[in-house]
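Trainee: Could we go through this structure together? I would like to know what stands behind each term.
Mentor: Gladly; have a look at it, and then ask away.

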There are 2 protein chains.
Amino acid sequence: MTPGRNRRQQDQQLPEEADVMTTGHTVGPVGDDMTSVTVVGVDFGTLSARAVVVRADDGAELGTGVAEYASGAIERALPIAGAGVLPPDWALQDPYDWRSALGSAVRAALADAGVAPESVVGIGTDFTACTFLPTLADGTPLCEVPDLRERPHAWPKLWKHHAAQDQADRITDLAHAGDESWIARYGGRISSEWQFAKALQVLEEDPAVYRRSARWIEAADWIIWQLTGNETRNACTAGYKGIYQDGQYPSREYLAALNPGFADFAETRLAVAELSALGSRAGSLTAAGAALTGLPEGIAVATGNVDAHVTAPAARAIDPGQMLAIMGTSTCHVMNGSVLNDVPGICGVVDGGIIAGLYGYEAGQSAVGDIFAWWIGQGLPDDYTADAAGKGQNLHDYLAQRTRGRAPGYHGLVALDWMGGNRSILVDHHLSGVIVGLTLATPPEDVYQALLESTAYGTRMIVEAFEAGGLPVTEFVVAGGLKRNHALMQIYADVLRRPVSVASSDQAPAVGSAIHAAVAAGVHADVAAAAKAMGRKEHALYLPDAGRADAYDVLFGEYRTLHDYFAGRGAGSNDVLHRLRRLRNAGGGAS
Amino acid sequence: MTPGRNRRQQDQQLPEEADVMTTGHTVGPVGDDMTSVTVVGVDFGTLSARAVVVRADDGAELGTGVAEYASGAIERALPIAGAGVLPPDWALQDPYDWRSALGSAVRAALADAGVAPESVVGIGTDFTACTFLPTLADGTPLCEVPDLRERPHAWPKLWKHHAAQDQADRITDLAHAGDESWIARYGGRISSEWQFAKALQVLEEDPAVYRRSARWIEAADWIIWQLTGNETRNACTAGYKGIYQDGQYPSREYLAALNPGFADFAETRLAVAELSALGSRAGSLTAAGAALTGLPEGIAVATGNVDAHVTAPAARAIDPGQMLAIMGTSTCHVMNGSVLNDVPGICGVVDGGIIAGLYGYEAGQSAVGDIFAWWIGQGLPDDYTADAAGKGQNLHDYLAQRTRGRAPGYHGLVALDWMGGNRSILVDHHLSGVIVGLTLATPPEDVYQALLESTAYGTRMIVEAFEAGGLPVTEFVVAGGLKRNHALMQIYADVLRRPVSVASSDQAPAVGSAIHAAVAAGVHADVAAAAKAMGRKEHALYLPDAGRADAYDVLFGEYRTLHDYFAGRGAGSNDVLHRLRRLRNAGGGAS
C-alpha cells in the first residue's frame with residue numbers, strides 16, 4: 001500500500017468528493033503578509049504528484065497544484081513504439097514523469113498560493129515505496145540509457161510490481177533457515193514489493209541489465225539526487241524496504257546463498273551513502289533543480305521520505321503510542337515507540353523510520369477502501385442506482401444511509417476482510433475473504449455494512465497486537481481519504497472502544513513533506529517542534545458509544561474465532577483458503 | 001417448498017422462458033382421432049392453476065390453460081374492504097380463487113387442445129402443501145361464513161405461512177420429550193408449515209374461530225370435496241403434513257399436553273374419513289363440478305395429491321432408488337423405497353406417500369433458484385446488464401456464459417447454500433449462507449458459479465444421506481424449471497458423479513395429475529402402469545466428466561468440512577450462524 005495510491009483511488013468513492021485536479025484552499029490574508037516564509041511539500045503518488053505551499057510558521061495551506069504522470073502506472077506495455085505486452089503482475093514507472101510532474105505541480109501550487117517563489121525557503125518530498133530503480137553511477141536511470149530503453153527490467157519498478165514473488169519467498173525462507181536476526185523485524189516475511197526481491201528478479205531474469213546497474217535506489221532518494229546533485233539514502237526506506245537493521249544490510253554470505261551474483265548487491269549498489277535522518281537537510285537546490293521547479297536556487301532540500309510515514313507529523317501523531325492509520329484503498333498504520341520490541345505480524349520496525357530518535361513501527365491492511373469498492377463494483381440493483389442519482393449521492397454514501405441508525409449485528413453478518421490478503425497480523429497474501437450469515441433477505445447495503453465493520457475488526461486485531469507486544473496505543477488518528485466517511489469513522493470508534501482523532505488536512509502527506517522542509521530549512525528545531533507548530537488534527541472527533549461498543553465486542557469475538565479458524569494454522573483451524581488459492585492459481589482442477 | 005411456487009418464480013429467471021400465460025403445445029394429429037380418450041390434470045400452484053389435457057393412452061400433451069388467482073398469496077392484508085395489515089410471516093389464500101382458476105384453466109386447456117369435453121374420462125389435481133383450512137361440516141370454508149370473514153385465522157393458511165414457529169417448536173420438543181415414535185420419520189423436527197402447527201396457532205390466537213371449525217382439511221382434499229361432494233383425505237398430505245404414521249395420528253394425550261383444547265383435534269377434525277390411496281377414485285364429478293369445469297358429469301375424479309409427489313410418475317421416477325428432484329426456487333427430492341428406514345435429516349417418510357405400496361421418502365433444499373435470483377438481485381455491473389441486453393440473454397444465461405469452459409475451482413470459492421436455511425440434512429432453518437475465498441479479483445459471475453455449485457454439493461449431501469440410510473440412489477431425475485439450465489445440470493452430473501436424467505414435460509406436475517386421473521378412470525391398471533405409458537424423461541441426458549468429477553470431489557470435501565463446522569453441532573464446530581441469527585432477529589445488539 002502507498003497512500004498516494006489510496007488517495008487517488010478512493011477519491012472516486014468518497015463522500016463530498018473534491019476534484020483532485022482542483023487547486024486548493026487559500027487560508028488567511030496572504031496578500032497582507034507577502035514576507036511570510038513558506039515551504040513546499042511534494043507528494044509523489046502512484047498516478048500523480050501533488051505540491052502544497054505551506055506557511056512555515058503555522059502550517060497554513062496556501063496553495064495546491066497537482067500534475068498527473070503521462071504514463072501513469074505502466075502495467076501493460078512500455079510507453080515506447082513497438083513495445084510488447086508485459087508479463088502479469090508487472091508495474092513500472094517512467095522517471096521522466098516524476099520530474100515533469102514535479103515541475104508542473106510546484107509551479108501550479110505557487111500560482112495558486114499567490115506567493116512569490118522567493119518566499120520559499122525549503123522543499124520536502126515523499127514518494128510511494130518501495131518504488132525502486134537501477135541507475136548509472138551518476139544517477140541516470142538505466143531506462144534512459146539508449147541501448148537499454150527497450151528492456152523492461154531497466155525501468156523503475158513501481159511499489160505494486162508483484163512479479164518477484166518467487167524471489168521474495170526464497171529471501172524469506174533462507175532468512176529463517178539461517179536464523180537471520182532481521183527477519184523478526186518484518187513480521188517474519190519479506191514482501192515481493194521490497195528492494196531485494198525486485199533487484200534479485202532483475203539479476204535472474206535479465207542479468208545484462210543488472211550488470212549495467214551501478215546503483216539501485218528508491219525513487220524517494222532518486223528525486224533528491226535530481227534536486228541536490230547529492231546521492232542520499234533515507235533511513236525510512238532503507239529500513240522498511242531495504243532490510244537495513246542494526247547498522248547493516250544483509251550479509252554478503254546470505255546474499256551469495258540467494259544467488260552468487262547477488263553477493264555484492266548491498267555493498268556496491270545500496271551502501272554507497274550514509275543513511276540520512278528524516279527531516280535532515282539532504283542538500284541545497286541546484287541550478288538545474290531551480291530551473292525545473294521555479295524555486296530559488298540554494299534553498300534547503302529535505303531528505304526523502306515515504307508517503308505514509310511523512311504523514312505522521314502533519315497529523316500530530318508522532319509521540320510513542322499515537323497510532324496513525326492512513327486509510328484509503330488499503331490502510332497503513334505507523335506508530336512510534338520508545339522501545340524496540342518484536343511485535344509478531346507487523347510489517348516492520350525501523351530505528352528512526354518515522355522520526356529520528358524513536359523506533360518507527362509499521363503495520364497494514366492489504367485492502368480497505370478497495371473492499372468497499374469491490375462490493376459496489378459487483379453492481380447494485382437498478383432502483384438503488386436510480387435513487388442515489390436522484391438524491392445526488394455517491395453509492396457509498398447511499399448504501400451507508402440505508403443502514404443508518406441500525407444496531408450492530410442487525411444484519412446477522414460477519415466478514416473477514418481478506419479480499420486482498422492479510423498484511424497484518426497474519427502476513428499472508430494468499431488468504432482470501434469470507435462472508436458469513438447471508439440470507440435471501442440480505443440486501444446489498446447489509447453486506448456493505450458488514451464489510452465496513454470487518455475492516456474495523458481487522459484494525460482492532462492490529463491494535464491489540466501492538467498492545468500485546470508492549471506498545472500501548474494511546475490515541476488512534478486517521479488520515480487519508482476514508483477519514484471523510486463519517487459512518488466508517490464511527491464504526492471504528494465503536495469497534496476500537498476508543499476515540500478516533502482525524503488529521504485536519506486533506507493532503508496530509510504533502511503537508512508532512514512541507515513540515516520536513518521547514519525542519520531542513522531550520523525554521524523549526526526538529527520534526528517534533530515543527531509538527532507542533534504546523535500539524536493539525538481534530539482530537540477525538542468520534543467518540544465510542546458504550547452500548548454499541550458492547551455489541552461490537554460480541555461481534556468482534558465472532559470475527560476473532562473465524563479469523564483464527566480460517567488462518568489455517570494450528571489445531572482446529574482450516575487451511576481451506578490456501579487450498580482454494582492454489583487451485584485457483586492453477587486455473588482449477590480439470591478443464 | 002412447493003413446486004407450484006417454484007415453477008412460477010423461476011420462470012422469471014430461466015433460460016428460454018415460456019410465457020406462463022401462453023397456452024401449450026399441440027402434439028400429434030389430434031383432429032384425426034377425435035375419439036381418443038383424454039384426461040385432465042390440474043396443478044394448483046402458489047399464484048395460479050395450470051390445467052393440461054393429456055391423451056390417456058400415451059400421455060401426449062394436447063393443450064394447456066393457465067389462470068392466475070385474483071388475490072394470489074395474501075401476505076399483507078385480507079382482500080376485503082377495511083382490512084388491517086397482517087402480522088409478519090403470514091400467508092393466506094382465498095378458496096374462491098381456487099375454484100375460479102380451476103374453471104378457467106380447464107376451459108382454456110380444452111380450447112387449446114381442440115378436443116371435445118366428452119373425450120375426457122377423468123380429472124386429477126395436485127396442490128401446494130401444506131395449504132390448510134378450517135371448514136364447516138359441509139366443507140364451507142370458515143372464511144366464507146359471513147361473521148368470520150374479517151377474521152384472518154378463518155382463512156386458509158398457505159404453505160408458506162411461517163407464523164406458527166412457536167407452536168412448531170413446542171410440537172417438536174414435546175415429541176422428543178415423550179419419545180413419540182413418529183418424530184424420527186420427520187428428520188426429528190416438525191415444520192411450522194405443517195398442519196398441527198397451523199391449527200394450534202388458530203386455537204391459541206383466535207379460539208373463537210377454532211371452535212367454529214368442524215373440519216381442518218388440506219386444500220388438496222378440499223378441492224376434491226368441491227368436485228365430488230365427498231370428503232376424502234389423501235395418504236400423501238396426511239403422512240407428510242399431518243403426522244399420520246402407522247395407521248394413526250398423534251395421540252389424544254400428546255395433543256392435550258400441547259394444549260388441553262387441542263386434545264380432540266385429530267379425532268374430530270382430521271380423522272373423519274379413511275385415507276385414500278394416491279391414484280384411487282375419490283368419486284365422480286358432480287353436476288356442480290361439471291358446471292364449474294365444463295367437463296362431463298360423472299367422470300372419474302382422482303384422489304388429491306401434492307405437486308412434488310404427483311410429478312414422480314410423469315418423470316418416470318417411481319421405482320425404488322429413482323430420486324426425483326423438482327428444482328425451482330427450492331428443491332424437493334422424492335424417492336420411493338421398498339423398505340422403511342430411518343434416514344436422519346429427511347423431511348419425512350410415508351407409506352404410500354408417492355405411490356401406493358411403497359414407502360415414499362421426501363427431502364429438500366430450502367433455497368436453490370432463490371439463491372441464484374438473490375445473487376442477481378444484489379445487482380450486476382452496468383456493462384454486464386448492457387451486454388446481456390445487447391445479446392438478448394437473460395442474466396442467468398449471461399453469467400453462466402461468462403464462466404463457460406472454466407475448470408472446477410478456477411474461481412477459488414466455496415459457498416454453503418444455506419441462504420434459506422437448510423431443510424435436509426440439517427433440518428435447521430436458522431442456518432444462513434457462507435461464501436469463502438473472495439478476492440478483489442472475484443467478479444460477479446464467479447460468485448454465481450460458486451452458488452450453482454453449492455446447491456449441487458447440498459444435493460450430494462442428501463444423496464449420500466439416503467445411501468448411508470440403506471436406500472441406494474440408482475437414478476437421479478430432474479423436473480422443474482431449473483432442468484432447462486444446462487450449465488447447472490452439467491454441474492450436478494459432475495458433482496454427483498452420476499448421469500442426470502430430465503423429465504420431458506415442462507409441466508410435469510399437471511401431467512402427473514393427469515396420470516392419476518387416467519388411473520382413477522380405469523384407463524391404466526395402476527400408477528406404475530400409467531407412468532410407463534404416459535410418463536416421459538430423457539434418460540441420462542447429462543453425463544459426468546471424470547476429470548471434472550474428480551476436481552469436484554476435492555471441492556465437495558471442502559464443502560463438507562465447512563458444512564459440519566458451520567452446522568454448529570459437536571466438538572470443533574462453530575455455532576456462529578445461530579448466534580448471528582438470534583442477534584439479527586433481536587434487531588441487533590444496541591441501537
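Mentor: Let us start with a definition: a residue is buried under 20% relative accessible area, exposed over 50%, and partly exposed in between, using a 1.4 Å probe and protein chains only. Also keep in mind that this is a predicted model, in which local features need pLDDT of at least 70, side-chain atom pairs count only at pLDDT 80 or more, and totals for chains, interfaces and linings use all residues. Residues are numbered from 1 along each chain as its sequence is written, chains are lettered from A and ligands numbered from 1 in the order in which they are written, and side-chain values use heavy atoms, with hydrogens and water left out.

Trainee: What makes B:Asp550 count as partly exposed?
Mentor: B:Asp550 has 43% relative accessibility, and partly exposed is the class between the buried and exposed cut-offs. B:Arg497, at 37%, is therefore partly exposed as well.

Trainee: Why is the contact of B:Arg497 and B:Asp550 called a salt bridge?
Mentor: The term asks for a side-chain nitrogen of Lys or Arg within 4 Å of a carboxyl oxygen of Asp or Glu. Here the N to O distance is 2.9 Å, and the side chains of B:Arg497 and B:Asp550 meet the rule. B:Arg497 lies in the loop between helix H16 (486-496) and strand E18 (500-503) of chain B, and B:Asp550 in helix H19 (residues 546-567) of chain B, so the pair ties together parts that are 53 residues apart in sequence. Helices (H or I, at least four residues) and strands (E, at least two) are DSSP runs, numbered from the N terminus.

Trainee: How do you know that A:Arg498 and A:Glu467 form a salt bridge?
Mentor: Their closest N and O atoms are 3.7 Å apart, and the cut-off is 4 Å. A:Arg498 lies in the loop between helix H16 (486-496) and E18 of chain A, while A:Glu467 lies in helix H15 (residues 444-468) of chain A, so the pair ties together parts that are 31 residues apart in sequence. A:Arg498 counts as buried at 15%, whereas A:Glu467 is partly exposed at 34%.

Trainee: How many salt bridges are there over all chains?
Mentor: The structure holds 50. Across the interface of chain A and chain B the rule finds two, one of them between A:Arg579 and B:Glu558 at 2.5 Å, N to O.

Trainee: What else describes the meeting of chain A and chain B?
Mentor: The contact, meaning heavy atoms within 4.5 Å, takes 56 residues from chain A and 57 residues from chain B. Chain A and chain B bury about 4,300 Å² between them, 62% of it on carbon and sulfur atoms. Buried area is the accessible area (1.4 Å probe) that two parts lose on being put together, summed over both.

Trainee: Why is the relation of the two chains that of a two-fold axis?
Mentor: A rotation of 180° with 0.0 Å of shift along its axis superposes chain A on chain B, with an RMSD of 0.0 Å. That is the relation of a two-fold axis. In chain A, the C-alpha nearest the axis is that of A:Gly379, 2.3 Å from it. Copies are superposed by least squares on the C-alpha atoms of residues with pLDDT of at least 70 in both.

Trainee: What makes strand E17 of chain A largely enclosed?
Mentor: Five of the five residues of E17(A), residues 475-479, are buried, so the strand is largely enclosed by the rest of the structure. Both faces are covered: A:Glu475, A:Val477 and A:Ala479 lie on one side, and A:Phe476 and A:Val478 on the other.

Trainee: How do you know that strand E11 of chain A and E17(A) pair?
Mentor: Two strands pair if DSSP finds at least two bridges between them. E11(A), residues 322-327, and E17(A) have five bridges, in the parallel sense. The bridge partner of A:Leu324 in E17(A) is A:Val477. Three bridges join E17(A) to strand E18 (residues 500-503) of chain A, also parallel.
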